[in-house]
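Hello,

Here is the structure for your files. My notes on it follow below.

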Amino acid sequence: MNRKLKLLVAAACVSLVPAALAHHSFAAFNASQQLTMHGTVVALEWKNPHSWLQVEAADAHGVNHEWGIELGAPAAMLREGWRPRIVAPGDKITVTISPNRNGSYGGSMIKAVKADGTIIGGQTPQ
Amino acid sequence: MRRPIAPLVALAVLFGASAHAQTNSPARLAAFAKLPDWSGIWEMGRPGPGQVFQAPKAGKLTGGPGRDLNLPYKPAWEARYDARQKEYAALPDTLTPPDPTITVCSWGFPRMELGPANFEFTITPEETMIVFDPSEIRHIYTDGRPHPPNPTPTPQGHSIGHWEGQTLVADTVGLDPDLWLTASGAQLSPKADITERWSMQDQNHISDQVTIVDPIAFTKPLTFTRKFRRVTDTKHQIMQNCFENDREQMKGGYIETIYSDPSEGSSQ
Amino acid sequence: MTPLRKSLAAALLAATLPAQAALNSPQRLASLAQLPDWTGIWQVEGSTATLDPNGPPPYNAAWAIKYAKAKAEAPRLLDTYDRYCAAGVPRLMGSPEYFEAMVTPEETTMVFSQREVRHIYTDGSPHTEADELWPMYWGDSIGHWKGDTLTIDTISILGKEWLDPTAATLTDKAHIIERVRMTDHDHLQDQITVIDPDALTKPWSFTRTYRRSARINMTDSPCSWGIGTATKVTR
């Protein structure tokens with residue numbers, strides 16, 4: 001099942017790769033494409049080896065789907081500015097991801113922005 | 001008869017002192033005085049563009065910090081490696097190669113040094129311990145002991161070492177051949193013998209010169225240097241437990257990732 | 001020398017490493033002189049069937065009911081130790097895993113045979129800030145030395161991890177205080193007190209001792225089962 005998704009291709013290329021993603025084969029994600037969606041936080045699963053942000057967003061037809069967005073390990077996420085409770089279920093959020101090649105509702109996190117415009121994380125570890 | 005009080009008292013004091021005089025002996029302190037202070041947290045540094053662990057094109061080791069390694073494989077091993085790359089390249093998009101860092105949560109040595117971890121040294125006269133935050137621990141014993149005669153293969157192997165000034169020279173044998181050396185699936189034989197020279201370049205940089213001798217897999221020794229920098233935004237390590245991973249499952253010998261929220265058992 | 005050359009020279013000096021600069025400083029050696037030597041491999045004495053050899057935690061009425069139910073179900077469930085390949089704190093201190101306890105001025109690092117690590121930072125740091133904490137297998141530990149005794153203060157543990165095979169648990173708010181010392185050349189002792197007012201009627205105190213092992217090598221012994229175990233609830 002390959003759904004055609006309308007992709008908003010961001011101008012900037014991927015400049016920050018979450019450190020903990022480095023051990024995965026990148027082949028699973030479509031690093032040359034980016035998808036931005038506006039949705040609602042279902043949950044932030046803060047755990048090893050990867051944290052996951054579950055986001056509910058509507059597709060081009062207005063149908064809601066829950067997306068599983070992969071983040072780094074908690075220790076790495078802290079260094080990038082994420083916190084375990086930085087978002088709560090029900091929060092509005094805008095996420096930009098590298099979507100899965102296979103068309104499933106998932107991808108790897110590139111950028112997350114709160115409703116008030118604050119970028120979540122995005123700091124460079126020192 | 002006069003009792004020899006003084007010697008008894010002296011003995012009591014001595015005995016009492018040795019039972020409770022817990023502090024490091026002068027000899028141990030003298031040994032510490034010759035050792036460097038590498039306390040703090042260290043890391044490889046964030047991968048730059050193109051440095052993430054990418055599955056390589058068939059036939060060549062590309063992608064990731066291991067991409068510059070150019071493993072000097074013998075023909076049979078090269079052929080096996082190439083076949084593996086073709087196998088992985090042919091996987092459907094829903095599956096990823098069975099990387100032991102995911103399948104059994106184990107990186108091992110020296111792969112952990114090629115990975116996105118931070119680490120701490122604990123240097124004592126008897127041992128240099130290196131703790132990597134994905135819960136991988138190396139014990140490099142510097143008390144003069146030999147390797148055990150037939151060590152059971154483990155991910156870290158058995159490591160012994162000695163100090164040459166402020167350089168730690170270590171030797172490791174007994175490595176588990178089922179683990180991967182690189183993200184692309186390169187492996188070593190059970191006969192791999194790895195020596196290292198750890199040294200500090202300045203207060204913020206440490207390096208490890210690694211030489212792999214593998215008479216079964218390699219045509220010649222392989223030497224490379226891993227460089228590490230000091231972490232300054234964090235003072236304390238947080239240990240990771242990979243086994244709380246409920247997102248990756250095995251499917252037909254490969255790894256499948258679950259993107260929907262997995263359901264937990266009710267009693268947990 | 002011009003100001004620029006001077007600052008460049010200073011930068012160069014700072015960046016390079018004078019021969020003695022990396023060696024343990026006199027201050028670090030002075031700190032080491034005050035610390036005990038716990039070198040060796042240690043293993044718990046006594047039964048590992050419960051964390052407190054005297055019995056279960058002093059649960060309040062509600063938790064006693066919860067525990068009775070959990071204990072009854074425990075035989076058919078996968079112990080969290082097996083499910084997540086971690087005993088965690090405080091269970092580690094009554095587990096069969098052997099360990100090294102390496103003492104330096106900055107930290108006492110307890111490293112256990114199944115890859116579990118306790119970092120007990122003695123560098124004067126307070127606990128990690130609340131917004132950076134979440135319930136963790138080994139919690140957040142800080143330590144202080146008083147003579148030969150290390151006092152450990154641990155918060156932010158993962159309360160749902162079983163304390164023993166009977167499925168006893170705590171809350172994430174449990175506060176664990178330990179006093180560890182070497183009682184003689186071949187024994188370490190840990191006096192443990194668990195404070196968890198939501199679950200317990202009173203502070204829960206008990207002592208575990210550890211014997212110096214004849215073993216000299218910490219052999220890497222990771223769990224051998226693979227991914228997917230975290231989702232298994234029953235045996």
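In what order do the elements of chain A run from the N terminus on? The order is β-β-β-α-β-β-β. That makes 1 helix and 6 strands in chain A. Helices (H or I, at least four residues) and strands (E, at least two) are DSSP runs, numbered from the N terminus.

A word on the source. This is a predicted model, where local features need pLDDT of at least 70, side-chain atom pairs count only at pLDDT 80 or more, and totals for chains, interfaces and linings use all residues. Residues are numbered from 1 along each chain as its sequence is written, while chains are lettered from A and ligands numbered from 1 in the order in which they are written.

Back to chain A. Of its 126 residues, 46% count as buried (20 or more other C-beta atoms within 10 Å of the residue's own, with C-beta atoms placed from the backbone).

Chain B has an open sheet of 3 strands, ordered β2-β12-β11, with antiparallel pairing. Strands pair if DSSP finds at least two bridges between them. The edge strands are β2 (95-96) and β11 (248-251) of chain B, and each pairs on one side only. β11(B) is joined to β12 (residues 254-257) of chain B by 4 bridges. Lys251(B) has Tyr254(B) in β12(B) as its bridge partner.

Chain C holds 4 helices and 9 strands. From the N terminus on, they run α-α-β-α-α-β-β-β-β-β-β-β-β. The C-alpha trace of chain C spans about 80 × 40 × 35 Å along its principal axes. Of the 235 residues in chain C, 40% count as buried.

Best wishes

Terms used:
A residue is buried if 20 or more other C-beta atoms lie within 10 Å of its own, exposed if 12 or fewer, and partly exposed in between; C-beta atoms are placed from the backbone.
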